[in-house]
Amino acid sequence: MKISGSHMLAVPPERAYQMMQDPDILARAVPGCEALEKTDENEYRMKMKMVLASLSGVFDGKIRIADLNPPSSFRLIVEGSGRPGFIKGDGLLHLAANANGGTEVSYHGDVQVGGTIAAVGQRLLDGTAKILIRKFFERLAACAN
Amino acid sequence: MATTIAGVEKEKLVGKRLRRREDPRLITGTATYVDDIHLEDMQYAAIVRSPHAAARILSIEIAAAQNSPGVIAVFTGKDTEKVGGVPCGASLPGLRVPHHNVLAVGRVYFVGHPVAVVVAKDRYMAQDAADLVEVNYEPLPAVADPEKALAPGAAPVHPEWPDNVAFTFHQDGGDVDKAFAEADVVVKQRITSQRLIPMAMETRGVVAEWHGADRQLNLYTSTQIPHLVRTLVATMLGLDENRVRVITPEVGGGFGSKLNVYAEEALMGWIAQKIQKPVKWIETRRENFLCTIHGRGHVDYYELAAKRDGTILGIKLKIIQDVGAYHQLLTPAIPTLSVLMMPGIYKTQNIRADIVGAFTNCMPTDAYRGAGRPEATHGIERMVDILADELQIDPAEIRLKNFVANDQFPFHTATGLMYDSGNYAAPLKKALDLVDYGKLRQEQADARKQGKWIGIGISTYGEICAIGPSPATPAGGWESATVKIEPSGKVTIMTGACPHGQGEETTFAQIAADELGISVDDVLVVRGDTSIVQYGIGTFGSRGTAIGGTAVYFALQDLKEKIKKFGAVLLESDDVTFSGGNVVCNKTGQSKSLPEVAASAYRAMKLPPNTEPGLVSTRFWEPPNFTFPFGTHIVVSEIDGQTGEVKIRRYVAVDDCGNRINPLIIDGQVHGGIAQGIGQALWEQAVYDDNGQLLSGELTDYAVPRAHMMPWIESEHTTTPSPVNPLGVKGVGEAGTIGCSPAVVNSVVDALSPLGVRHIDMPLTPEKIWHILSKGA
């Protein structure tokens, strides 16, 4: 599934970029995040609870950040698996300064799901992904204040 | 001793619309299914299944599951390596059969592939612990589409066969090259028959019980073939066949999906031995979507050669069969049935067929209601309509022109069959009269002027039933019956044709009641226990009555002879007849009732010459041929121009299944068959994404027709008895499905023909039709 979109943050790109690499902030911003720890340079381990229609479960996941190009872009690679199946995502995030001194974050990515989550939740995945991403940026925006 | 005077001839029950005797228990919740079996200290199994369509298993962590409350054992593929592979019963030259372990070893090949099994005190504990099994996978590229699987560079499903070819099959009949060379017109079309999910109301389920002291395994399983399951599971487990008892209680639907031997059947048998306790596994609905065989899965390339007057000269067909990751019991045999059926009921003697079976990272396909014949019927009935359109000939007329004529029976087809009997024009004419065809075409023309999308679809189908003579059937094609007249005169029939909704408890009792001149209430039909029933092949391929019923019939003939002999002794006369349930002395008119005769046969005070005591006969009846039912279905559909929704305005089904034993049950079979045919034509589709993930994995995503979505079915019949069996019956279990889908699709294509539409692949969802309308307008 292809995903793309953009969100506004009220901080300049340098700060936005830094926030999106900060484990403490990420742990607060990622919806359903139950634990997040840095395991290596640009690698994190995360536990995330997700609810999708009649499915719910905790995903154990790895997040990797690559192609770092501060403060304007980086690549996010997510892999998680849990009772409802697995999820894999790969996305490129672009940060651009906007006229109000804030940042527009735009993303393009590909998400793959498997197992029960695909068999049962496929219809809702698109909508759920959008909601989760919106929540993430809303919380990130809250952290910025 | 009382003597009774023989009464008037009892009214015949064969042909009567008797209500099914099995229904009261089925509709009041008092019947016993596998999940109703409860044994002392029984444990529950939950299976860990792969979420990947293709992956290497790097490691499996079971410690957390083992320590979970209530868990008594966790097994993985390493533990079960000695269990024999899941069997493929069909054979073809050059067939590639991958070894199919009951639990995956090293690699998984489809989503749902069993990887580990957790056994616990109750079902919930087992499932909770199964969630704790951590399997570390290395995902590999997968392929889920049969045509993509055969393309160069496709991911290999089984690395040892990088071309993904599971088998090929070729058949030539007549001189197809000459036919195409002499043709005025050749029409070509790619036609698909999409993957379907059989969706029995009762999912699969197994209870296994091991009696160590006797080395005896009792296996309760929801199957169409208890004896074949016994033979094959015994082989997989290395047990003596006579120490495995398969018990099949009530079966809540199969449609071919339980004409199989599954990994879980052997696995539970193996676990019961390991844990020395009974174990139960009941398939969840989600597992049923993923891990019970799918049906259809064809991509067909048709070419039809014809003369300008509509005479069909020859047919070429290339079938690409989506096999899935493995062969289940009959997987490779299914498309060969399509080839046998490819000429339909038309007399062309020139055919060429090629099948390529393609491995994909999906659940295997296998027999689903009609099994190969719906695909072929859909193809030929679509092609005949396309030809009619090309030549601007009425679709009814072109069919009449090409039918095998009544004086050509028995008719030898180009595919090697011998059609037993037929009168193909009769149901077509009857159906045309029922819809008032001429007037209907006029109404259609008028409706078009008002901007309405009305279509008329005709399907004149034939099918291969009563499967089948043993040389044509992988496990033997006969069926058995034991008829036992008890000392009280009550009659017990033990049939090997284990039913799962076919109503044999009623139809077989009707046959016996007529033959013996007794009431159906005096007859008990027993099935589904390998320790009670002699042996049997099972119920599939519309064979229950035509073969199993015939075995009952012949056993009854043996008993009638013996009854006469014992009656003659009692009446002290050589000149007796047996009728109306009494043996009557033709000289004196004195008679003895069946209970009196039966009692004397067991008491055995005085035996007739060369006669053993008792009244039991067992027959294994081998049919000399298949039977070939046929019929016409006509659909009148209307398309909503705004939404693309197809509404079936009229459904007329005229079916000829030979002699009719219970027309009420036949109507039920036809209705159910049509429901599944309409399901395929309009709504149902098993969808895998490019990575082999099943997307239609729940009833919210897989559109099985509900009762309110069904049209009113106007069901009629013609009767052309079969000469193949003495009952003159042909079989009707699959007729509705086989005749249906082309009638529906032909009607929709007819409705959209003003837009130049010539073919639409199933399912004809509103979205698909809406797009066609949008483009056309």
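This is a predicted model: local features need pLDDT of at least 70, side-chain atom pairs count only at pLDDT 80 or more; totals for chains, interfaces and linings use all residues.
User: What is the mean pLDDT of chain A?
Analyst: The mean is 90, and 100% of the residues of chain A reach 70 or more. pLDDT is the predictor's confidence in each residue, from 0 to 100.

User: Which elements of chain A have the lowest and highest means?
Analyst: Helix 3 (residues 116-144) of chain A has the lowest, 87. Helix 1 (residues 13-19) of chain A has the highest, 94. Helices (H or I, at least four residues) and strands (E, at least two) are DSSP runs, numbered from the N terminus.

User: How many residues of chain A are in contact with chain B?
Analyst: 12 residues of chain A are in contact with 14 residues of chain B. Contact means that the C-beta atoms, placed from the backbone, lie within 7 Å.

User: Which element of chain A gives the most to that side?
Analyst: Helix 3 of chain A, with 6 residues.

User: Switching to chain B. What is the strand order in the open sheet of 3 strands?
Analyst: The order is 22-23-24, with antiparallel pairing. Strands pair if DSSP finds at least two bridges between them. Strand 22 (576-579) and strand 24 (591-593) of chain B are the edges, each pairing on one side only.

User: How many bridges join strand 22 and strand 23 of chain B?
Analyst: Strand 22 and strand 23 (residues 582-585) of chain B pair over 4 bridges. B:Phe578 stands opposite B:Val583 in strand 23 of chain B.

User: Which helix lies across strand 22, strand 23 and strand 24 of chain B?
Analyst: Helix 15 (residues 544-571) of chain B, running at about 130° to strand 22 of chain B. Axes are lines fitted to C-alpha atoms, for helices over the stretch in contact, and angles run from 0 to 180 degrees between N-to-C directions.

User: At what angle do helix 10 and helix 11 of chain B pack?
Analyst: Helix 10 (residues 373-391) and helix 11 (residues 395-402) of chain B pack at about 115°, with their axes 9 Å apart. That makes helix 10 of chain B roughly perpendicular to helix 11 of chain B. Angles under 35 degrees count as roughly parallel, over 145 as roughly antiparallel, 65 to 115 as roughly perpendicular and the rest as oblique.

Key: Residues are numbered from 1 along each chain as its sequence is written. Chains are lettered from A and ligands numbered from 1 in the order in which they are written. Two residues are in contact if their C-beta atoms, placed from the backbone, lie within 7 Å.
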